[in-house]
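Please examine the sequence and the three-dimensional structure shown here. The paragraphs that follow lead from single residues to the chains as a whole.

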Amino acid sequence: MSAAQQRWSAFLGQIEQRHAQVRAESEQHGAAYTADDLAPLSHHLMGVKSRLQDLEQSIESTWHAKVDDVFAAEGASGETRAAAFMQGRTLAHRLDDEREESEIRILAEQARRRHDPAVSAHVLAQEAATGEWRAMRAAMRALNAYRPPAPLAAVKAYERAQIAYWRAYLTVRHRYEPAIQIHNLPFEIGSRMEQWYVTSAEFEPAWVQAGRPREPL
Amino acid sequence: MGLFDKVKGLVKGAQNVVQAPQQPPAPAAPPQNYPQHSTEIPVEASAPQEDETEFDVAGFDVNDDEAAFFRAVLHMESEGQFGGTDESRAEIMQQFGIRDRSHWQLVKESNYAVLARKYGSYEEVTQQEMNWRQGEMQNHMMAQTAKTAAGGGFEPVEGIGLEQWAAINAAIVGGQNHEDLLKGAGIDNARWQRASAEWNARMARDTTFAITTAYGNAFQAASKGKYGDFAREAAAARAANRDVTLQPPVTWEQYYGFMYEQAYAAKQGKDPVAALKSVGLTIVDWTDLSTFMGYVFVRDAGRNWKTYEEIHKRVEAEFAAKYPGVKADVDIQF
């Protein structure tokens with residue numbers, strides 16, 4: 001392993017470790033939080049979120065500010081540099097997911113203790129749909145990673161992942177929010193998907209050429 | 001990417017397409033060998049042949065219809081909902097006599113040069129283009145609103161219309177007593193809860209943001225905050241795609257300062273609303289003020305983005321000095 005690669009991996013390791021440490025401390029704080037007023041917890045979470053986002057953003061900003069030059073000075077090939085960059089980006093994406101999930105876990109724990117529909121509806125639904133949510137974000141990133149035009153398979157994969165997420169999310173959310181028409185899930189999912197069909201899928205040539213093949217809801 | 005970056009991109013986009021002529025050419029009769037619809041450009045009798053091909057506005061007449069050119073730029077240069085498609089690009093090329101992408105670059109440069117002559121600077125052209133795009137967005141939103149209305153999306157819920165729901169919510173956020181408000185409006189709590197649930201559900205389904213936008217307008221229309229009139233003026237100006245008629249109630253230094261007070265409070269796990277209070281603002285005041293200042297920025301940043309950027313950087317540095325040590329994890333270095 002080159003010296004640049006070693007330094008880069010060590011740097012990423014520190015970021016990952018600190019991110020995990022801050023999340024763990026925050027989850028401990030959330031678990032111990034018993035006050036009726038959620039506002040102080042909410043402010044705490046804002047601070048944690050800001051710190052975690054700074055850590056995530058430092059990956060790409062450091063790459064552009066220093067790391068790429070160090071790899072170049074070593075005479076690393078374009079392929080090597082691209083792989084190293086992707087190593088950082090992959091970590092940043094994973095940390096992004098873990099930050100969001102950590103906050104949801106903390107709030108879901110509070111929701112379970114309180115039985116307050118106003119607090120519960122989103123966080124418990126989101127917690128229940130974590131797997132589908134992760135899959136949806138992965139599909140979106142995979143689609144966005146293509147230099148346009150994207151292949152139909154990637155567009156369809158993202159479409160299916162979104163539908164699966166909304167189905168899992170709404171199935172739980174309707175327990176706390178009766179206005180959601182659970183007996184008419186295709187309507188609820190369809191209304192949330194429509195904007196994506198109109199504003200995104202419509203501009204994917206492979207999708208249009210294939211006759212706009214929408215998944216059945 | 002922040003708004004500053006977007007504005008910079010637009011300005012540079014307009015400037016980079018052409019080396020701005022130091023002395024814009026004066027109108028003259030179009031040379032015989034220029035393509036049809038070419039603009040009037042003086043050409044020296046002895047000018048080399050290649051110079052003649054460096055200016056061509058094709059079928060555009062930006063002095064009379066700049067919107068057609070701005071629309072073409074949008075379609076030729078961008079994808080997505082408000083951008084172009086292969087079909088729309090082909091149609092534009094056919095309509096305005098554009099041969100290929102290379103010819104389009106020349107046509108684009110030439111038309112921006114004519115516009116710069118018309119408006120006096122590339123920055124002003126950028127602002128005019130931004131204003132045109134704002135108008136297009138506004139037209140799109142109005143169409144979405146009409147579509148939602150036609151589909152029954154604005155029908156009252158249990159007798160509570162969107163405006164009334166928004167007005168009561170505005171009053172609650174403004175600090176009035178929830179129960180007193182409902183009592184005054186003759187609405188029992190169960191009915192209010194059902195109506196709120198349905199309005200919230202409609203907003204969640206309405207990913208075109210037509211209901212959310214209407215709600216926001218109604219919320220601010222009911223605002224009794226000290227900047228309520230400014231928010232209402234911004235909403236009226238946006239609807240008419242015009243500049244505001246009121247002077248900003250605070251300086252940009254103050255406005256960015258309010259932003260950074262909240263940001264630094266959040267970074268430290270403190271209450272941003274308390275940070276606002278420390279500078280004499282309520283959350284309603286801040287919402288109204290942001291609406292107004294945000295719109296003023298959009299209507300002016302194209303021509304004055306350097307000024308805004310300088311002020312923003314100055315305030316950013318002031319706050320970094322005011323709150324040293326807030327940035328954590330500086331020990332992690334490459």
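Predicted model: local features only at pLDDT ≥ 70, side-chain atom pairs only at ≥ 80, totals over all residues.

A:Arg212 counts as exposed because 11 C-beta neighbours lie inside 10 Å. The terms used here are defined by counting: a residue is buried if 20 or more other C-beta atoms lie within 10 Å of its own, exposed if 12 or fewer, and partly exposed in between, with C-beta atoms placed from the backbone. A:Arg212 belongs to the segment after α8 (205-209) of chain A. Its phi is near 50 degrees, a positive value in a residue other than glycine.

Residues are numbered from 1 along each chain as its sequence is written, and chains are lettered from A and ligands numbered from 1 in the order in which they are written.

Consider next the architecture of chain A. Chain A contains 8 helices and 0 strands; helices (H or I, at least four residues) and strands (E, at least two) are DSSP runs, numbered from the N terminus. The pattern along the sequence of chain A is α-α-α-α-α-α-α-α. Taken along the principal axes, the box filled by the C-alpha atoms of chain A is roughly 60 × 55 × 20 Å. Of its 217 residues, 30% count as buried.

Chain A is divided into domain 1 (1-114) and domain 2 (116-217), with bounds that come from an automatic or database domain assignment. The C-alpha centres of domain 1 and domain 2 of chain A lie 26 Å apart. Where do the two domains of chain A meet, and how many residues are in contact? In domain 1 of chain A, 10 residues are in contact with 11 residues of domain 2 of chain A; two residues are in contact if their C-beta atoms, placed from the backbone, lie within 7 Å. The side of domain 1 of chain A that touches domain 2 of chain A has 4 nonpolar, 2 polar and 4 charged residues. In this classification, Ala, Val, Leu, Ile, Met, Phe, Trp, Tyr, Cys and Pro count as nonpolar, Asp, Glu, Lys and Arg as charged, and the others, Gly among them, as polar.

A:Glu100 is found in helix α3 (residues 78-114) of chain A. A:Glu100 is partly exposed, because 17 other C-beta atoms lie within 10 Å. The C-alpha atom of A:Glu100 is separated by 9.8 Å from that of A:Thr130, 30 residues apart along the chain.

The interior may be considered next. A nonpolar core is a set of buried Ala, Val, Leu, Ile, Met, Phe, Trp, Tyr and Cys residues joined through C-beta atoms within 7 Å. The largest such core has 45 residues, of which A:Tyr165 and A:Tyr169 touch the most other members. In chain A, α1, α2, α3, α4 (117-128), α5, α6 and α7 each supply at least two residues of this core. Domain 1 (1-114) and domain 2 (116-217) of chain A each contribute at least three residues to this core. Leaving aside its neighbours within four places in sequence, A:Tyr165 is in contact with A:Ala129, A:Glu132, A:Trp133 and A:Met136.

A backbone detail of chain A concerns two prolines. The peptide bond from A:Pro148 to A:Pro149 is cis, with omega near 5 degrees. A:Pro149 is found in the loop between α5 (130-145) and α6 (152-173) of chain A.

The two chains also touch. In chain A, 29 residues are in contact with 21 residues of chain B. On the side of chain A that touches chain B, α1 (3-32), α2 (39-73) and α7 (185-199) of chain A each supply at least two residues. The largest share of that side, 12 residues, comes from α2(A).

Helix α6 (residues 122-150) of chain B has 29 residues and reaches 42 Å from its first C-alpha to its last, close to the 42 Å expected at 1.5 Å a residue; the expected span is 1.5 Å times one less than the number of residues. Several residues of α6(B) are buried, including B:Tyr122, B:Val125 and B:Met130. Just after α6(B), B:Gly152 takes a positive phi of about 85 degrees.
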